[in-house]
Each structure stands twice: as C-alpha cells, then as structure tokens.
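I opened this notebook to record what I looked up in one structure. The entries run from the whole chain to single contacts.

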Amino acid sequence: MTSIDLSRRSLLRFSALALAAGVAGCATGPKEPSTPSNGEDQTAASLPLVNQVRAKNGLPPLQVDPAATAAALFQAKRMAAAGKMKHVMGIADGFGPRVKASGVRLPAAENIATGQQTVPAVVTAWINSPSHLENMLGRYSGLGVAVAYNPASRNVPYWAMVLSN
C-alpha cells in the first residue's frame, strides 16, 4: 500500500464519520433556534377572526390549544431565526414529527406568512389564499398562532398558525 492509498482511506473514513455525525444531528427532535428571535403568542387576538370565518361557513368555533400555540411559536421563531418563510427547513425536517414533538394531536395543519404587521393583516392574507383558507375551514378544533421577530433581520415578522384536533 502506498501513502496515497492510506491518505485516501483516511479521508474516506473521516468523511464517513462526518456524514454520520451530520445525519445524526439532523435526526434529533426540534430545538430552539440558535439565532436570537423574539416570539409572541397571538392566538387570543387571532381566534375571533378565524372563528368569524368559520361561522360564516357553518363550522363550529375553534378553541385555544396550548400545544398548537407552542408549535406555532416554535415555527415562527425558527423562521425568524433563519430569515426564511418555509414549512420545512432541513433534510430530516417534517411537519408531522415537528408538531407532534410539541404535543399536537394529528391530523393538523399549518399556515405561515411573513411581512404582515398585525393580526388582522395576516389573518386576511390567509383568508385570501385558497389553500390557507382551506386549512382554516378544515375539521379542526384547536388553534395556535404566533409571530416572531429577529433583530438581526430588521425585525421582519414571521407568522405561524397551527390548527389541531
């Protein structure tokens, strides 16, 4: 064996270990964002607006769901920390496992938004989006809504709504 073969073998071993460590890191449960962000529960302010739309469509009102609120706050904070509006933020990320980790009963749904400055503005944006409105009119009983800001990203608001059973 030559020294080149040994170097390649060592490099391959190191690469395999680094990949395994990276995959293991991605497979863990949700963690709080490492970038500073400030989040606020906006469920109480959102609930009457969402229930008004549901009533107009002959649907029962939603109730505050603390688990859905925790899941919404987590999602809003991680979007603010990343400076990106996305449901999925990594290879091992998924909505179901993420909300289940917050204690949300499935089935569930999530609406996200960014840029709206007030609760009425974000709820109106969701109402005006057919897929988001469909979520709000779904067969759910619980609601959680949150907004988060990251001072490092000009405090742009990132919103998340989680509808739960």
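**Basis.** I worked from a predicted model, in which local features need pLDDT of at least 70, side-chain atom pairs count only at pLDDT 80 or more, and totals for chains, interfaces and linings use all residues. I numbered residues from 1 along each chain as its sequence is written, and side-chain values use heavy atoms, with hydrogens and water left out.

**Entry 1: the chain.** I found 6 helices and 5 strands, taken as DSSP runs numbered from the N terminus (helices H or I, at least four residues; strands E, at least two). Read from the N terminus, their order is α-β-α-β-α-α-β-α-α-β-β. Of the 165 residues, 36% are buried, where buried means under 20% relative accessible area, exposed over 50%, and partly exposed in between (1.4 Å probe, protein chains only). I took contact to mean heavy atoms within 4.5 Å. Among contacts with a separation of 6 or more, 71% join residues 24 or more positions apart.

**Entry 2: the salt bridge.** I required a side-chain nitrogen of Lys or Arg within 4 Å of a carboxyl oxygen of Asp or Glu. By this rule I count 1 salt bridge. Its partners are Glu110 and Arg98, at 2.9 Å from N to O. The pair links distant parts of the chain, since Glu110 lies in strand β3 (residues 109-114) and Arg98 in helix α4 (residues 95-101), 12 residues apart. Are the two partners buried or exposed? Glu110 is buried because its relative accessible area is 7%; Arg98, at 3%, also counts as buried.

**Entry 3: Gln116.** I located Gln116 in the loop between β3 and α5 (119-127). Its relative accessible area is 19%, so Gln116 is buried. The side chain of Gln116 reaches the backbone nitrogen of Thr114 at 3.4 Å. Leaving out residues up to four places away in sequence, I list Ala121, Val122, Ala125, Pro157 and Trp159 as touching Gln116.

**Entry 4: α2 against α5.** Helix α2 (residues 43-56) packs on α5 at an angle of about 30°, with the axes 10 Å apart. I used axes fitted to C-alpha atoms over the stretch in contact, with angles from 0 to 180 degrees between N-to-C directions. The two helices are therefore roughly parallel (angles under 35 degrees; over 145 is roughly antiparallel, 65 to 115 roughly perpendicular, the rest oblique). Ala45, Ser46, Leu49, Val50 and Val53 of α2 make the contact with Val119, Pro120, Val123 and Ile127 of α5.

Note on methods: Polar contact = N/O pair within 3.5 Å; in protein donor to acceptor, adjacent residues only side chain to side chain.
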